[in-house]
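Let's take a walk through this assembly, chain by chain and contact by contact. Have the viewer open and follow along.

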Amino acid sequence: MSTTETTTTAPVELQKGHIGQSIPRKEDKRLVQGQGIFFDDVRRHGMGYVHFVRSPHAHAKIVSIDVAAALALDGVYGTLTGDEVAIQTDPFFEMSTAPGSEIKDYALAVGKTRFMGEPVAAVCASTRELARDAAELVEVEYEQLDVLVDAREAVKDETVMHEDAGTNTVWSGVFDWGDWEAAKAEADQIVTIDELHFHRFSSTPLECSGALVEYEKATGQWTLHCNHQMPGVGAIWMAPALRTGIDKLRFITKDIGGGFGNKICLHPYYVTLCLLSRKLNRPVNWTEWRTDQHTANAHGNERWFHDVEVAVKNDGTMLGFSVKALDDCGAFPRYEPLGCIIWAQVTPGCYAWRNIRVDFTQVTTNKSPVSPNRGYSRMQHLWLTERIIDIVAAELDLDPVELRKRNYVKTEQMPYETPNGCVYDSGDYARCLDMALELIGYDSIEERRTEAAARGKLLGVGIGSTLDSGTNNFGQSQLLNPELQFSGNNEAATVKLDIFGELVVTLGTVPQGQGHETTASQVVADILGCSPDQVHVRPGHDTFFNSHAGFSGTYASQFAVTGLGAVKGATDALRAEMVALAAAVLQCEEKQIELADGFARIKDGPPEAALPFMALGAIVNANNAFLPPDFNPTLNHRFVYRPYFGNVDLEKKMGKLTLTYATQIHACVVEIDRETGVVEIVDYAAVDDCGTRIHPQIVEGQVHGATAHAIGAALHEEFVYDEDGQLLTSNFYDYHVPHALDVPALKTAAIESPSPFTPLGSKGMGEGGGGGIHCLCSAIQDALKPVGKPIVYDSCNPSHRVWSMIQDPESTRANVSVVPA
Amino acid sequence: MLLREVEYARPSSVEEAIQLLAAHDGARALAGGQTLVNVMKARAASPDVLVDLNRLDELRAITVSGDTLQLGAMATYTQIRGSSEVEVSRPILAEVAAQIADVQVRNRGTIGGNVCSNDPTNHLPPLLVALGASMTIRGAGGERTVPAEEFFLGVYMTVVAEGELLLSVSVPAAANAADGFASITIGRDGTCIANAAACISEDSVRIVLGCVDAVPVVLTPTGTDDDSIRRAVDGANLEPPSDVHASAEYRRHLAGVCAVRAVQQARARGR
Amino acid sequence: MKVEGTKELSAPRDVVWKVLNDPAQMAKLMPGVEGFEIKDDRHWQAKVKIPLGLGGLRMTVDFEKVEEREPEFAQLNAKGNGVGAIMNMQTQFHLAESGGGTSMRWEADVKIAGPVGAMGQRVLQPIINQQVGNVLTALEKQVSEAAAAGTGGAEQGIHPASPEAYEADPDGPTHNTQDQS
Amino acid sequence: MQQPSTSRTISVEINGEVCERDVDARRLLVHFIRDDVELTGTHIGCDTGNCGACTIHLDGQAVKSCMLLAVQADGSKVTTVEGLAGDGELTPLQQAFSSHHALQCGYCTPGMLMSASALLEQNPRPTEEEARTAIQGNICRCTGYVNIVEAIVSVNA
């Protein structure tokens with residue numbers, strides 16, 4: 001299913017051919033043979049293995065650390081403790097304003113430990129096993145402190161985790177767009193919701209984090225064979241902390257076993273490895289284990305929504321809402337407080353309400369730090385908007401499909417400016433919804449409900465309307481902290497035609513499975529008139545390729561725009577040179593030259609008036625004596641793609657916060673076992689609109705993946721802490737990610753509403769906006785209607801929570817009220 | 001990952017295995033290793049000596065003699081699932097074996113390892129107690145047979161003492177036995193949150209609950225109707241553990257649900 | 001996790017008190033003690049190997065007597081270290097005369113910290129119940145022997161691996177609560 | 001009676017080649033394969049035996065090589081993902097994974113292929129449910145399994 005009918009594509013000189021085709025992925029051949037190169041596959045002579053000594057306590061003073069017994073063990077190369085880190089490095093740069101900016105975050109715990117699993121020391125030894133043996137011999141004396149596991153407690157500051165800041169609040173501020181008071185006055189009904197909770201989980205990439213770090217004494221150069229997914233920003237954190245220049249950190253990634261944002265905040269670990277490799281003068285390898293990954297790497301942001309008020313007209317027109325959001329970022333802010341603004345990219349969700357007030361506060365707690373997890377910060381907010389829609393529909397007895405359609409931003413309103421100055425580029429939400437509903441057989445839902453009831457099952461249907469905003473404007477960080485010197489966005493790529501006619505593409509991005517080698521080759525092939533097979537895209541990222549920019553990386557749904565925008569820019573420049581060169585050689589005008597079938601030739605000219613790409617490469621690189629003196633083609637072009645955003649309005653907290661908005665509308669049918677609360681998904685559909693699709697199969701694969709993540713998060717995956725800050729779901733037994741039997745057959749469909757703002761009409765879409773979470777929460781609430789109409793108040797609904805809602809719907813209903821305005 | 005140092009021996013006979021177990025303090029039998037190696041990876045438990053039973057083919061045999069189905073302690077779940085002897089003499093065993101973990105684990109994991117580890121969430125302890133199985137154990141002092149009901153002592157604890165080895169598990173053969181098994185798991189195929197096995201015989205019904213205590217809990221309801229079963233579970237005054245997947249209250253409730261479902265299955269099969 | 005219960009013992013209160021407050025006798029109550037060192041009258045240390053079928057959990061446990069009101073109340077803190085986990089336990093005993101014997105009310109609050117401990121939460125409660133049951137059974141023997149001998153101390157403690165030490169105890173924990181979060 | 005020891009010399013036939021090495025008894029088979037024999041196609045995705053990234057064939061059966069000691073493989077035949085295809089040619093299963101886009105990051109892929117190939121040997125034309133059951137012990141975080149299941153079912157369809 002596919003149509004293209006809205007706005008026109010930006011004018012590009014593309015030969016029809018490979019873009020839009022699902023060509024075989026270039027990455028696959030090595031990966032299906034086990035020949036991918038992941039960081040832990042790299043070996044170096046004399047390499048030592050690092051094991052971290054981790055805090056068993058969530059909050060404790062470190063009284064003493066004794067490494068003597070570890071050092072005495074045969075085969076142990078050395079250790080590193082927080083005291084050494086405090087002397088040899090500076091705290092990492094913090095993005096918040098004061099007092100949040102006063103938080104001191106080091107590579108290892110200094111003085112005290114603030115979450116279970118926090119590294120307090122590191123040991124390096126000749127084998128992996130020995131490193132762990134030695135780590136067990138490090139004696140750490142702790143003095144336990146009061147533990148904060150609940151953001152609602154942390155915000156009271158009765159216990160303060162970061163003495164330097166003097167408060168647990170990292171950032172807080174009020175966003176007020178439109179006129180909320182006027183909306184309330186205009187409304188017929190005010191629906192209130194006391195509390196909603198978006199839970200803590202993460203995408204848990206199958207490959208854990210790690211690196212092999214080498215130090216070159218002569219030059220002070222570190223080389224990190226690693227899986228950092230945003231090395232540009234990693235280096236901005238690391239280099240000042242290590243008191244070195246940014247070029248002293250060379251990041252190399254090849255294949256990466258998934259990232260999903262969880263590999264953005266690796267700088268504390270990597271700094272420890274840098275210090276150890278320098279101290280011990282040997283390469284050091286650290287492989288994170290799953291339990292460590294769950295305990296002490298990166299969780300997604302947990303968020304509470306309090307005192308929600310929604311202004312609704314009797315005809316179902318929604319005028320706006322007001323909410324107090326309380327975000328829990330765990331023990332250290334790291335990438336935060338960016339999550340305090342990133343959600344604002346999708347302030348109204350898919351809806352046309354114009355009056356929105358959000359009072360946002362972020363606090364630290366004694367839990368794992370967070371990191372931008374797939375759907376980062378927008379997913380939490382979009383879940384809120386979808387919860388509001390379904391709760392309003394249930395309380396005012398409105399049809400949830402009609403309510404959505406009435407309030408969706410309409411396709412004829414595109415490009416649509418949101419109340420906070422963002423511009424939704426294109427899309428047709430209502431049409432996507434109709435398609436999704438058709439795929440799940442919505443017309444026959446009432447009969448199926450009756451049929452299921454006869455089997456003791458509660459059947460429900462749910463909708464998740466969500467947006468995946470991509471190519472963000474880092475200028476939004478200035479809405480949090482006007483002093484920050486970040487704005488705009490960029491990505492680089494280099495394309496060259498080499499001596500034997502090879503087309504070589506070097507990306508600045510850091511792919512983790514998104515098929516960048518393949519899609520980049522499609523773009524190059526279509527611009528240069530050749531086959532993608534003729535285009536070699538170097539796997540992975542290497543700082544020394546010098547083909548990256550400040551925001552390089554693979555994150556935030558943007559490759560199809562920024563990465564391919566850079567590839568297109570570089571290839572356009574290369575093409576111009578190839579044309580000029582061919583015209584010079586063939587002695588004709590440039591406009592007579594066409595590039596096709598791997599040749600530069602005179603259009604409609606004689607067969608001999610054609611130069612294979614190899615000839616062009618050879619002339620410039622090795623046989624250039626005859627070229628005119630003022631004609632110096634390089635056939636090697638680095639291009640930095642930069643979307644235009646303009647400045648943000650600091651006073652009104654408005655601006656173009658991101659460039660593109662892909663639509664994802666999900667619909668599903670669930671059956672709930674009334675006796676046990678077990679939820680089974682019996683039908684599932686996801687309709688995607690990400691503008692021009694470069695490689696439809698890859699797009700569909702991203703939809704599948706994001707949906708599976710959402711299903712896991714909505715039904716099982718939750719990082720649960722006890723009152724002492726002990727993580728109770730630290731492995732794949734208790735943290736149940738979907739298995740093959742847990743994921744239903746997924747139906748997908750797509751439409752294409754090309755973005756008018758991007759080089760190829762494409763939009764980023766990999767994160768998926770948490771559509772499945774919204775959709776399942778919606779379906780569960782619908783299914784439970786006959787047992788007392790409970791309100792789904794949490795984003796995670798494992799069987800025990802569903803069962804509790806069945807037992808005691810009233811306690812959830814106490815959470816909502818309808819007040820005639 | 002990354003185990004503590006451990007000594008390893010691979011005996012070539014049951015006798016040698018028993019000698020090894022008896023001769024070394026802290027020696028443990030290594031059966032399928034699908035629990036033990038995992039626990040060692042966490043360094044939660046660390047045996048000093050591992051006595052690997054994997055080359056003792058005589059412990060893998062599944063045989064029927066008279067009215068007894070005998071399963072060697074080293075019979076794997078995959079073997080049990082595919083065994084024609086099991087199929088004809090106590091099919092519930094094959095059905096439940098197919099529900100344990102995943103294919104790879106079923107290829108290695110053994111009935112002996114399952115019962116000897118006695119994790120409260122395991123499938124086989126309640127099932128074998130329900131079926132009236134018995135365990136044959138050999139040590140330096142000779143062989144003894146213990147009814148399944150007396151075999152389990154606590155979490156990770158059984159009557160198999162140091163220096164002893166579980167040789168086989170015997171189950172009464174009954175092709176058309178009215179057996180049932182029901183569980184509620186984390187996801188479709190994860191760890192059991194609650195489970196129950198049921199066995200209806202001519203004069204009685206026996207339900208055994210897993211996951212609610214350190215050892216399987218045996219109930220003998222007065223009838224096979226749903227109400228009798230629920231009454232029996234209520235009357236057992238269960239005090240199941242709470243964890244992230246289930247509060248004590250929810251787990252107690254699920255125990256009742258599983259019990260009823262296991263009996264319903266048994267009733268249907270016995271017809 | 002909190003466990004608590006009451007236990008009726010046939011021995012007189014002063015005998016029970018002596019057994020409970022003599023570190024050497026206490027050592028015999030605990031499962032799998034491999035080594036024991038008395039540091040002073042309020043502090044002692046035990047090296048234990050909790051006998052689980054998977055190979056035994058080794059821990060070093062430091063005890064501190066926090067409070068005592070002879071012959072009716074004692075509070076003891078224990079801190080165990082090992083197996084990738086830290087265990088903290090606070091125990092209290094209340095002894096009351098009951099006929100010719102003693103009625104003991106006890107409470108224990110056990111907390112396990114560290115990744116391995118967190119992994120074991122699933123089975124922690126049954127294991128603790130079981131170990132508490134063992135301790136109580138051992139205590140019963142110990143005090144009855146002590147009462148018979150007139151003063152403290154049987155020669156033999158209970159061997160942790162011997163099955164009879166683990167017989168189900170009807171007077172075991174009578175009430176369990178675990179904090180659900 | 002033999003004496004237990006903390007290390008042993010073992011001989012394992014891996015992908016047709018006999019490898020003889022001294023190994024510590026505590027070394028896991030997966031570390032032996034990756035670090036000692038340097039066949040890095042077999043991956044590690046967890047530390048509790050759930051994820052299946054380390055799946056290999058041991059004497060023809062799919063097993064998780066993180067739940068076996070290397071010394072246990074002494075005298076056995078091991079096949080890893082590197083041993084599936086000969087001479088750089090992809091097997092029909094590997095080809096199907098590529099054409100159905102059954103892999104994204106490719107980290108779970110070796111284990112998936114080993115589980116799927118074991119299935120296809122016993123059951124050349126599996127149903128969707130059978131394919132799902134065969135890979136229930138292999139976690140993929142990228143694909144949602146949809147295309148993996150399709151790929152497996154397609155091989156001999």
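How many residues of chain B are in contact with how many residues of chain D? The count is 40 on each side: 40 residues of chain B touch 40 residues of chain D. Keep in mind as you look around that this is a predicted model.

Let's stay with that B–D pairing for a while. Put together, chain B and chain D bury about 3,200 Å², and 53% of that area sits on carbon and sulfur atoms. On the chain B side, Met1(B), Tyr8(B) and Gln104(B) lose the most area to chain D, together accounting for 23% of what that side buries.

Now for the polar part. Between chain B and chain D there are 3 salt bridges. Lys64(D) makes a salt bridge with Asp102(B), where the closest N and O atoms are 2.6 Å apart. If you go by polar contacts instead, 20 residue pairs turn up across the interface of chain B and chain D, with both partners at pLDDT 80 or more. Which pieces of chain B are doing the touching? Strand 1 (7-9), helix 1 (14-23), helix 2 (36-41), strand 3 (49-52) and helix 6 (103-108) of chain B each give two or more residues to the side that touches chain D. Helix 6 of chain B gives the most, with 6 residues. Sorted by class, that side of chain B has 16 nonpolar, 10 polar and 14 charged residues.

You'll find Gln72(D) in the loop between strand 4 (61-64) and strand 5 (77-79) of chain D. Is Gln72(D) buried or exposed? Its relative accessibility is 5%, so Gln72(D) counts as buried. Setting aside residues up to four places away in sequence, Gln72(D) touches Tyr8(B), Leu30(B), Asp52(B), Asn54(B), Arg55(B) and Arg108(B). Tyr8(B) is a name you've met already, as one of the residues that lose the most area to chain D.

Of the 5 pairs of chains that touch, chains A and D have the most contacts between them. That contact takes 49 residues from chain D and 52 residues from chain A, and the area buried between the two is about 4,400 Å², with carbon and sulfur atoms giving 54%. The salt bridge count between chain D and chain A is 7. For one with named partners, see Arg34(D) and Asp40(A), whose closest N and O atoms are 3.1 Å apart. Polar contacts link 24 residue pairs across the interface of chain D and chain A, both residues at pLDDT 80 or more. On the chain D side, helix 1 (29-36), helix 2 (92-99), helix 3 (109-122), helix 4 (128-134) and helix 5 (146-154) each supply at least two residues. By class, the side of chain D that touches chain A has 18 nonpolar, 21 polar and 10 charged residues.

And chain C? No contact joins chain C and chain D, and their closest C-alpha atoms lie 10 Å apart.

One last stop, inside chain A. Gly766(A) is in the loop between strand 29 (747-750) and helix 20 (771-784) of chain A. Neighbours within four places in sequence aside, Gly766(A) is in contact with Arg374(A), Asp468(A), Ser557(A), Gln702(A) and Ala706(A). Take Gln702(A) from that list: Gln702(A) and Gly766(A) are 64 residues apart along the chain, yet their C-alpha atoms are separated by 5.5 Å.

Terms used:
Residues numbered from 1 in each chain as written. Chains lettered and ligands numbered in written order. Predicted model: local features only at pLDDT ≥ 70, side-chain atom pairs only at ≥ 80, totals over all residues. Heavy atoms only, no water. Helix = DSSP H or I, 4+ residues; strand = E, 2+ residues; numbered from the N terminus. Buried < 20%, exposed > 50% of the residue type's maximum accessible area, 1.4 Å probe, protein only. Contact = heavy atoms within 4.5 Å. Buried area = accessible area lost by both parts, 1.4 Å probe. Salt bridge = Lys/Arg side-chain N within 4 Å of Asp/Glu carboxyl O. Polar contact = N/O pair within 3.5 Å; in protein donor to acceptor, adjacent residues only side chain to side chain. Nonpolar A, V, L, I, M, F, W, Y, C, P; charged D, E, K, R; others polar.
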